[in-house]
Amino acid sequence: MIESLTIQRRELVQGLVQTPARISPKYFYDAKGSALFEAITGLQAYYPTRTEQSILAANAPEIARAVGVNRTVIELGAGNCQKAKVLCESIHPACFLAVDISEEFLHEAVATMRLSFPNMEIQAIAADLTADIVLPVNLPTGRRLVFYPGSSIGNFDPPHALALLSRMRDLLQDDGALLIGVDLVKGEAVLNAAYDDDEGVTAAFNLNVLDHVNRLIESDFDIRQWQHRAFFNAEQSRVEMHLEATADLLVRWHGGSRAFSQGERIHTENSYKYRLEDFVELLGRAGLTHTQVWTDEQAWFAVVLARP
Ligand SMILES: C[S@@+](CC[C@H](N)C(=O)[O-])C[C@H]1O[C@@H](n2cnc3c(N)ncnc32)[C@H](O)[C@@H]1O
């Protein structure tokens, strides 16, 4: 379930009045944000999507053998379902359930999946995976595969990532498995370019969050007064995205306001980059102790199958 507007408003205002101000990355994904993310995935500088897709395609038979057929696949943060499409072609699930916070985009993506797999049961729920995920009552009872690609786990700081992985472990039950994509530590220049492309698509994606927030809390952010900042923070092993005020500003919303000085930032996203051994250890702490790993030639990205 997506949280009520009241809860979203409260969360957003709490984040905006903090110093530094914050907006959760989940608010990137209105319909325009989802379309902009899809555009990012096609950029030369943005290596994660094509690298993960190439790992899934190159190892499809082995992944299929490890996963098994007739699974109930639950994809979290499904986006355009393109990776699920590659996966479903080889593992032939009994049922595919797509979960995403971006409702309109989700339903379009699922309609495309239905055209590709006319004989497969396909369901969709618009839900916030940081809240409790309530599965449809008519979901088939077969063994589950939770699919969480895109290194979206990197958007959570390690304690929250552990909490989310533990909830996924519960979701997949004792006989299920988690197939998860994770972005690995690599050279700083590659990371910085991936999150600050020359075409300005990531900047547009980051700035679009302010238009989404304007609609949710009736605020008056003017995106022309903000600029995109993205950089690798080596100490924290994460790429950070921020929006920086280009002048002294006062932003008002229904019931409140906040002054920003020129150069002050709103922190909009972290994208943690893991060393593979640290990520496997994190999975183990979530109760997912049996792992199988596939990676690309440069070891830039890993796809991990993890079981209790
Ligand atoms: C980085 S994109 C990845 C999309 C796709 N899985 C892929 O690998 O290309 C993150 C996806 O997760 C969704 N998302 C972000 N935060 C979410 C949340 N809290 N609950 C559910 N979905 C969320 C977004 O709408 C988006 O589709």
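What percentage of the 308 residues in the protein chain is made up of buried residues? In this predicted model, buried residues make up 39% of the chain.

**View 1. The protein chain as a whole.** The protein chain, which contains 10 helices and 13 strands, has a C-alpha trace that spans about 60 × 40 × 35 Å along its principal axes. Its radius of gyration is 19 Å, in agreement with the value near 19 Å that a compact globule of 308 residues would have.

**View 2. The shell around the ligand.** The ligand is surrounded by 19 residues, of which the closest are Tyr29, Gly77, Gly79, Ile101 and Gly150. By residue class, the shell divides into six nonpolar, nine polar and four charged residues. Helix H2, covering residues 31–41, gives the most to this shell, with three residues. Because domain 1 (5–44 + 189–272) and domain 2 (47–184 + 274–307) both give residues to the shell, the ligand lies between them.

**View 3. The four-stranded open sheet.** The strands of this open sheet follow the order E1-E11-E8-E7, and their pairing is mixed. Strand E1 (21–22) and strand E7 (226–233) stand at the edges with a single partner strand each, so that one side of each is left without a neighbour in the sheet.

**View 4. The pairing of strands E8 and E11.** Strand E8 (residues 238–245) and strand E11 (residues 265–272) run antiparallel and are joined by seven bridges. Within this pairing, Val239 has Ser271 of E11 as its bridge partner.

Notes. Residues are numbered from 1 along each chain as its sequence is written. This is a predicted model: local features need pLDDT of at least 70, side-chain atom pairs count only at pLDDT 80 or more; totals for chains, interfaces and linings use all residues. A residue is near a molecule or strand if its C-beta atom, placed from the backbone, lies within 6 Å of it. Helices (H or I, at least four residues) and strands (E, at least two) are DSSP runs, numbered from the N terminus. Ala, Val, Leu, Ile, Met, Phe, Trp, Tyr, Cys and Pro count as nonpolar, Asp, Glu, Lys and Arg as charged, and the others, Gly among them, as polar. Domain bounds come from an automatic or database domain assignment. The radius of gyration is taken over C-alpha atoms; the globule rule is 2.2 Å times the number of residues to the power 0.38. A residue is buried if 20 or more other C-beta atoms lie within 10 Å of its own, exposed if 12 or fewer, and partly exposed in between; C-beta atoms are placed from the backbone. Two strands pair if DSSP finds at least two bridges between them.
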